[in-house]
Amino acid sequence: MRPASRQWLRPSVRPLRGEQTSVDTSTSPPVLVTGTTGRHGSTGAHVAARLRSEGRQVRVLARRHSERTKQLQAMGAEVVTGDLHRRETITHALDGVRLAYFTYPIDAGVVSAAANYAAAVQESGAEVRTVVLSMGPAHPAHLSDRGKDQWLAEEILRWAGLDVLVLRVAAAFHENLHVLHGPSVRERRVIRNCFGDARVSWINGKDAGELAVSALLHPERFDGPVCYPPGADEASHADIAAMITDATGRPVRFEDIDRTGWRQDLLDLAATDPTGVINADMADHISAVGWSIRDRGPTRPADREEVRRLIGHEPVSLGEFIARSRDAFLDGGTAAETDGAGGTQDVQDSTATMQASRTGSQNTSAGVGAAGR
Ligand SMILES: NC(=O)c1ccc[n+]([C@@H]2O[C@H](COP(=O)([O-])OP(=O)(O)OC[C@H]3O[C@@H](n4cnc5c(N)ncnc54)[C@H](OP(=O)(O)O)[C@@H]3O)[C@@H](O)[C@H]2O)c1
């Protein structure tokens with residue numbers, strides 16, 4: 001069962017008092033968006049769709065053409081093939097760009113990606129303001145090597161003199177529950193990890209995308225160049241097991257294991273994961289983050305009011321996410337069948353919105369926004 005899809009296309013980012021709104025979107029330069037074919041938080045797909053629904057020109061950088069890029073093209077985005085590890089492909093994609101969204105998956109290679117991106121911006125001579133999606137663990141002394149790498153990648157962007165606004169989102173994505181725990185909940189009715197009874201801060205991947213859209217269009221809302229947007233809710237994994245139990249009507253329990261045990265679980269999952277979302281670096285990273293939060297608590301407590309201020313509307317709650325994607329926790333379900341992962345629904349919604357506005361229908365982005373609120 002698919003959820004009511006329109007609810008996921010969030011309303012326009014409403015300008016707050018005193019904010020600049022007068023941009024001629026029909027002639028403005030394209031916004032470069034990376035990471036639009038993701039299968040974890042899928043923030044790039046959401047950013048591209050939302051910018052199109054705002055009437056912005058969008059150019060996406062994708063490694064290959066696919067059904068996903070066809071959908072992006074159908075909503076009016078320009079698709080350029082390229083790779084963040086190949087500088088010359090990025091230089092090409094930057095032609096005429098003044099605003100960009102940089103994201104990289106939880107995987108090895110972010111330092112090289114940032115270095116190539118910085119070199120391409122310098123080579124192109126363009127004055128590009130770049131919004132970087134990062135994470136709370138981006139720190140030179142974090143237990144996670146990916147956290148250390150992310151910090152170094154951001155240093156490189158700064159050393160290169162780029163105009164960056166770094167969003168170290170200090171919360172876990174709701175979608176982690178599908179990606180990391182969906183299979184064990186479906187098959188064995190258990191969530192196993194090393195967070196212990198720590199209360200984790202949570203945010204929806206789409207709201208992380210909304211933070212990026214706000215940072216692109218309304219940078220004055222952020223106290224950058226490096227900031228730590230909080231999550232919208234806090235819950236332990238035992239709380240979440242109880243919420244999934246309520247949503248599905250099937251008992252789900254939480255099992256506390258150590259860091260090594262969870263890392264091994266994730267490696268086993270990676271070996272059998274048909275989607276390829278989970279990788280060995282992610283297993284190292286997430287188990288280190290779990291162990292760190294268990295010990296020291298989240299980077300920043302959740303602050304729903306602050307998320308609302310930053311994105312200009314109500315964030316998706318954890319309870320809403322679990323209820324809407326309950327099928328992903330039931331036998332035969334997968335995250336991709338729900339709107340909880342993949343970003344495809346965003347793109348489809350945005351395509352429908354763009355087509356409707358072209359044909360003069362009432363179903364404009366404002367209309368969708370009102371329905372989604
Ligand atoms: N998960 C969490 O709990 C969490 C929390 C806070 C912050 N974050 C941050 O969120 C970010 C990840 O964002 P996300 O969830 O939107 O990512 P995602 O869904 O995993 O998508 C990653 C995208 O990057 C693309 N990509 C991978 N390698 C590339 C390359 N060499 N060149 C160009 N594109 C490449 C992928 O394309 P392909 O389709 O070609 O693979 C895909 O489109 C990370 O920085 C992470 O720190 C995550």
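In which loop is the place of Arg 189? Select Arg 189 and you will find it in the loop between α6 (176-188) and β8 (190-193), where helices (H or I, at least four residues) and strands (E, at least two) are DSSP runs numbered from the N terminus. This is a predicted model, in which local features need pLDDT of at least 70, side-chain atom pairs count only at pLDDT 80 or more, and totals for chains, interfaces and linings use all residues. Residues are numbered from 1 along each chain as its sequence is written.

Phi of Arg 189 is near 55°, a positive value in a residue other than glycine. Arg 189 counts as partly exposed because it has 16 C-beta neighbours inside 10 Å; with C-beta atoms placed from the backbone, a residue is buried if 20 or more others lie within 10 Å of its own, exposed if 12 or fewer, and partly exposed in between.

Now select helix α4 (residues 110-124), whose 15 residues reach 21 Å from first C-alpha to last, close to the 21 Å expected at 1.5 Å a residue. Its buried residues, among them Val 110, Tyr 117 and Val 121, pack against α3 (87-93), β4 (99-102) and α5 (145-159). After α4 comes Gly 125, with a positive phi near 75°.

Finish at Pro 225, in the loop between α7 (205-217) and β10 (226-227), where the peptide bond from Gly 224 to Pro 225 is cis, with omega near 10°.

Key. Expected span 1.5 Å × (residues − 1). Contact = placed C-beta atoms within 7 Å.
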